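This report describes a protein chain for a reader who is new to structural analysis. Please keep the sequence and the model in view while reading.

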Amino acid sequence: MCESTKPLRFYVYPQFVDQKLSHTPLLFPFWQPKLKRATPFSNALWKKYQFDTSYYCLVNDLKDADYILLPHGYWLLKKFRPDLLTSFLKETEGSGKPVLIDAYGDSDAVIPIKYACILRTSQYRFKYQPNEVILPAYVEDLLEQYYQGILDIRQKQTNPVVGFVGWASSPLPDTIRKHLKGSFFQLLALFQKQYGAYIPGVLLRKYAVMRLQDTPYISVNFILRQTYSGHKNTLQGDLNTIRQQFITNMFESDYILNVKGNGNYSQRFYETLSMGRIPIFINTECVLPLESRIDYRECCLFVEHHHLDRIGEILTEFHRQIRPEQFLWMQQRAREIFETYLRVDVFTKYLAQELREQLRAITRGKNAC
């Protein structure tokens with residue numbers, strides 16, 4: 001068998017597994033997933049789809065491994081078991097094997113581990129490191145889950161319909177704190193515009209919503225909330241009703257507003273693609289998965305964060321110029337990209353390829369030392 005077609009081999013040190021903590025989703029196919037009652041939509045994903053183990057496997061002997069896999073999320077260990085994380089890194093340092101770190105989550109902080117490949121969702125382009133691999137957010141296949149996988153193509157109308165359901169405002173004390181943080185980065189952005197990407201996502205969403213509402217010839221389809229509805233600890237209202245509103249809103253809209261959350265990525269972006277709708281992607285210096293393979297502009301309208309004040313004008317002009325057949329194709333392309341590349345099961349193939357490239361780069365780096 002050709003080396004590039006063999007499954008990647010991961011080794012897990014048994015002494016660094018904490019049975020009380022959830023393990024990385026890469027281990028879900030081998031170990032029973034620890035699903036959390038507080039994240040029902042994530043649970044629905046893992047009950048139906050998982051990483052594809054035809055592309056990787058676990059080995060019992062360290063010498064047979066391509067990577068040593070950290071069995072828990074990096075940020076989870078850093079918060080709850082820093083002692084375990086420290087011991088793991090100390091043990092692997094002299095192993096001669098590269099380390100695979102699952103850093104899925106909101107943080108874009110630097111992870112200074114030598115000879116490691118870092119998997120993450122949240123990153124800014126000006127901080128992006130060569131040893132980082134960007135993951136898609138883990139989301140349900142909404143079209144499959146709610147519409148039997150049948151894409152309902154919307155025809156182009158004169159006025160575009162923009163959908164958004166979600167967190168776009170906060171209680172007063174939280175709003176004041178976020179505005180203070182946003183004002184600081186707005187000030188820095190006067191000297192270097194990339195700092196505008198650090199403005200809190202909820203403020204960017206609120207501003208984008210206001211600009212779209214004030215733009216003539218755009219039909220807005222907005223349901224604005226004061227809390228995040230993807231977690232039981234913060235959602236307000238009946239879970240099933242809230243979820244159905246979210247799905248229906250996408251179904252009944254042409255374009256969906258997508259802005260980063262606390263991290264520099266958007267779960268809604270991948271959900272929009274899964275539904276075959278056109279994202280209005282507010283680009284806050286984002287790095288997207290598989291950028292060398294996927295031309296996201298084929299299915300998205302990109303609006304740079306420093307052009308957010310013109311979002312209504314940009315959308316109006318884009319919708320005016322796009323041909324009806326291209327409008328249909330963008331919806332089909334959005335669904336195709338999600339179904340072919342970004343859903344967790346199909347993404348495994350491309351993740352394995354990127355991990356092999358990282359492995360070669362790490363080996364070259366060691367040989368050069």
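Glutamate 140 and arginine 243 join their side chains in a salt bridge, with N and O 2.8 Å apart. The two partners come from distant parts of the chain, 103 residues apart: glutamate 140 is in the loop between strand S6 (132-134) and helix H4 (142-147), and arginine 243 is in helix H7 (residues 239-251). A salt bridge is defined here as a side-chain nitrogen of Lys or Arg within 4 Å of a carboxyl oxygen of Asp or Glu. Helices (H or I, at least four residues) and strands (E, at least two) are DSSP runs, numbered from the N terminus. The model is predicted, so local features need pLDDT of at least 70 and side-chain atom pairs count only at pLDDT 80 or more, while totals for chains, interfaces and linings use all residues. Residues are numbered from 1 along each chain as its sequence is written, and side-chain values use heavy atoms, with hydrogens and water left out.

Both glutamate 140 and arginine 243 are buried; this term means under 20% relative accessible area, whereas exposed means over 50% and partly exposed lies in between (1.4 Å probe, protein chains only). A further salt bridge joins the side chains of glutamate 298 and arginine 333, at 2.7 Å from N to O. This pair also links distant parts of the chain, 35 residues apart, with glutamate 298 in the loop between strand S10 (278-283) and strand S11 (301-304) and arginine 333 in helix H10 (residues 324-342). Glutamate 298 counts as partly exposed because its relative accessibility is 26%, and arginine 333 is buried because its relative accessible area is 13%.

Where do arginine 320 and glutamate 317 lie? Both are in helix H9 (residues 311-321), three residues apart, which is about one turn of the helix. An α-helix has 3.6 residues a turn, so residues three or four places apart point the same way. The side chains of arginine 320 and glutamate 317 meet in a salt bridge of 2.6 Å, N to O. Arginine 320 is exposed, with a relative accessible area of 56%, and glutamate 317 is partly exposed at 34% relative accessibility.

The structure holds 20 salt bridges. A network of salt bridges links Asp141, Arg335, Glu339, Arg343 and Asp345. Glutamate 339 is found in helix H10 and is partly exposed, with a relative accessible area of 37%. Glutamate 339 and serine 274 are 65 residues apart in sequence, yet their C-alpha atoms are 7.1 Å apart in space.

## Aromatic pairs

How many aromatic pairs does the structure hold? There are 26 aromatic pairs. In phenylalanine 10 and tyrosine 56, the ring centres are 5.4 Å apart and the planes are at 35°, so the pair is tilted. This pair links distant parts of the chain, 46 residues apart: phenylalanine 10 is in strand S1 (residues 8-11) and tyrosine 56 is in strand S2 (residues 56-58). Phenylalanine 10 is buried at a relative accessible area of 2%, and tyrosine 56 is buried at 4%. Rings of Phe, Tyr and Trp (its six-membered ring) pair if their centres lie within 6.5 Å; planes under 30 degrees apart count as stacked, over 60 as edge-to-face and the rest as tilted.

Ring pairs also link Phe28, Trp46, Phe51, Tyr104, Tyr138 and Tyr265 into a cluster.

## Charges over rings

The charged end of arginine 277 sits over the ring of phenylalanine 251, 5.7 Å from the ring centre. Arginine 297 lies over the face of phenylalanine 302, at 4.1 Å from the ring centre. A charge sits over a ring if NZ of Lys or CZ of Arg is within 6 Å of the ring centre and within 35 degrees of the ring normal.

The buried residues of H6 are Gly201, Val202, Leu203, Leu204, Arg205, Ala208, Val209 and Leu212. Phenylalanine 191 is in the loop between helix H5 (172-189) and helix H6 (201-213). Phenylalanine 191 counts as exposed because its relative accessibility is 73%.
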